[in-house]
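Hi,

Here is the model I promised to pass on.

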Amino acid sequence: MSQQGPVLIVSATPKPSFAAVLDEATLFPVVTSGWSEAGRAIEQVQPAAVIAAMDRVDAATFAALARRVAARAPYLPLIAVDPAIALPETAIAFFQDKRLPDRLIARLNASLRVRSLHATVMRRLVPPAPMALSDIDPAREATALLIGRGGAYPALSVALGERTGVVGALSIEAAAKHLNNRDIDGIVLAEGFTLRVIDAFLTVLTEDVRFRNLPVVVISDDLAPSYDMPNLEIIAAEPPRIAAIALPLIRQHAFEARLSRTLRAIDAEGLIDARTGLLTRAAFDRDFATAVYQTIERGGGLSVARFAFESAHPRAQFDGARIISRLMRRTDFGAVQDDGSIVIVFAATDLRNAHAITRRLSSVMRHTRHGKRDVGAEPTVTVAALQSNDTAKSLLARLHATSQRAAS
């Protein structure tokens with residue numbers, strides 16, 4: 001990973017304790033600034049990251065710094081060390097632990113990887129197009145996995161659900177299934193489990209490269225943060241504060257996921273929708289016509305399914321698209337249609353097997369809830385199979401006609 005500039009430390013004291021950790025690591029050039037000079041230092045130093053010591057700073061002063069940092073491109077990470085005040089959603093909280101001083105370096109490296117990815121996307125986008133962390137609204141794009149079965153679980157569900165999609169799990173086994181079946185941008189592990197169970201779960205996450213960089217907030221007084229996870233925080237607090245700590249990390253992960261999909265879309269020469277991971281509509285129409293023609297010419301089966309969501313809840317449609325993109329087979333393809341529904345094509349698949357696949361996809365969507373009113377993501381699903389006298393146009397028309405009859 002290239003170091004694109006120094007790390008700027010903003011502090012009310014000349015040398016905060018964590019600055020020594022960065023100096024000893026000799027991985028980053030470090031520049032220190034007071035609060036009154038922070039804005040000028042950002043313009044002059046052009047830092048790759050900003051770390052703020054949160055002792056003796058008021059909310060208004062920090063918010064002004066956060067706005068200035070958020071306006072920079074590529075993504076400029078802002079890490080707030082030991083915050084006691086409410087933070088803007090673009091600032092990542094970090095709580096020091098004397099037993100593991102290198103945690104800050106791991107957190108910083110994780111954020112700098114996102115910055116490097118953002119710089120790569122900006123460089124490769126043709127024509128250039130703006131893309132920033134502020135484009136990521138967790139309520140529309142991110143998904144948090146909430147695990148727990150204690151008294152704080154309902155309050156945490158509400159606190160998180162007000163700002164992001166939430167998948168609930170009452171057991172570690174259910175949580176593992178969600179992690180394997182869908183894209184998760186962060187985990188909040190609440191009460192209701194023994195320290196041994198929590199330790200085993202975190203150890204598994206640490207050892208799996210798919211989950212090691214996930215934001216994880218564990219509500220505990222007794223657990224030591226001795227895990228190789230850069231975005232792990234272990235803290236005991238009230239549900240609103242837990243949500244406030246988790247959401248900036250979740251948002252950063254959702255931004256990283258969007259950037260990764262954008263790179264895949266660039267590599268696919270614009271055939272993939274960067275927001276959902278499915279095909280663009282033009283690419284879908286072309287591939288669908290080809291698949292229908294080849295199936296009729298060579299024989300075999302081909303089925304299509306339509307997933308229709310309530311128009312009042314676009315987040316549910318987006319979440320469904322991401323689930324389909326993740327779980328569909330390599331031979332299948334799909335796209336979001338003009339009416340907001342999702343059509344997926346199952347190659348070499350008869351009607352019975354297509355129904356089985358759609359039931360599995362719908363089951364995964366059913367476990368997501370969005371917003372204060374606990375709106376579900378379960379779609380209305382219709383399936384149709386290719387017949388010998390079909391064309392791509394007639395098969396889609398029959399699928400939509402079946403959908404209308406099912407809806408009525």
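Strand β11 (residues 302-308) is largely enclosed by the rest of the structure, because 7 of its 7 residues are buried. Buried here means under 20% relative accessible area, exposed means over 50%, and partly exposed is in between (1.4 Å probe, protein chains only). Helices (H or I, at least four residues) and strands (E, at least two) are DSSP runs, numbered from the N terminus.

Before going on, a word on where this comes from: it is a predicted model, with pLDDT of at least 70 needed for local features and 80 or more for side-chain atom pairs, while totals for chains, interfaces and linings use all residues. Residues are numbered from 1 along each chain as its sequence is written, and side-chain values use heavy atoms, leaving out hydrogens and water.

Back to β11: Leu302, Val304, Arg306 and Ala308 point one way, Ser303, Ala305 and Phe307 the other, and all are buried. Two strands count as paired if DSSP finds at least two bridges between them. Arg306 is a handy landmark: it stands opposite Val343 in β13 and opposite Thr382 in β16.

**The parallel sheet**

There is also an open sheet of 5 strands, in the order β2-β1-β3-β4-β5, with parallel pairing. β2 (30-33) and β5 (92-94) are at the edges with a single partner strand each, so one side of each has no neighbour in the sheet. Within it, β3 (residues 49-53) and β4 (residues 78-81) pair over 4 bridges in the parallel sense, and Ala52 stands opposite Ala80 in β4. Helix α2 (residues 38-45) packs on the sheet, touching β1 (7-10) and β2, and its direction makes about 175 degrees with that of β1. For these, contact means heavy atoms within 4.5 Å; axes are lines fitted to C-alpha atoms (for helices, over the stretch in contact), with angles from 0 to 180 degrees between N-to-C directions.

**Helix α8**

Which residues of α8 are buried? They are Ile198, Phe201, Leu202, Leu205 and Thr206.

Cheers
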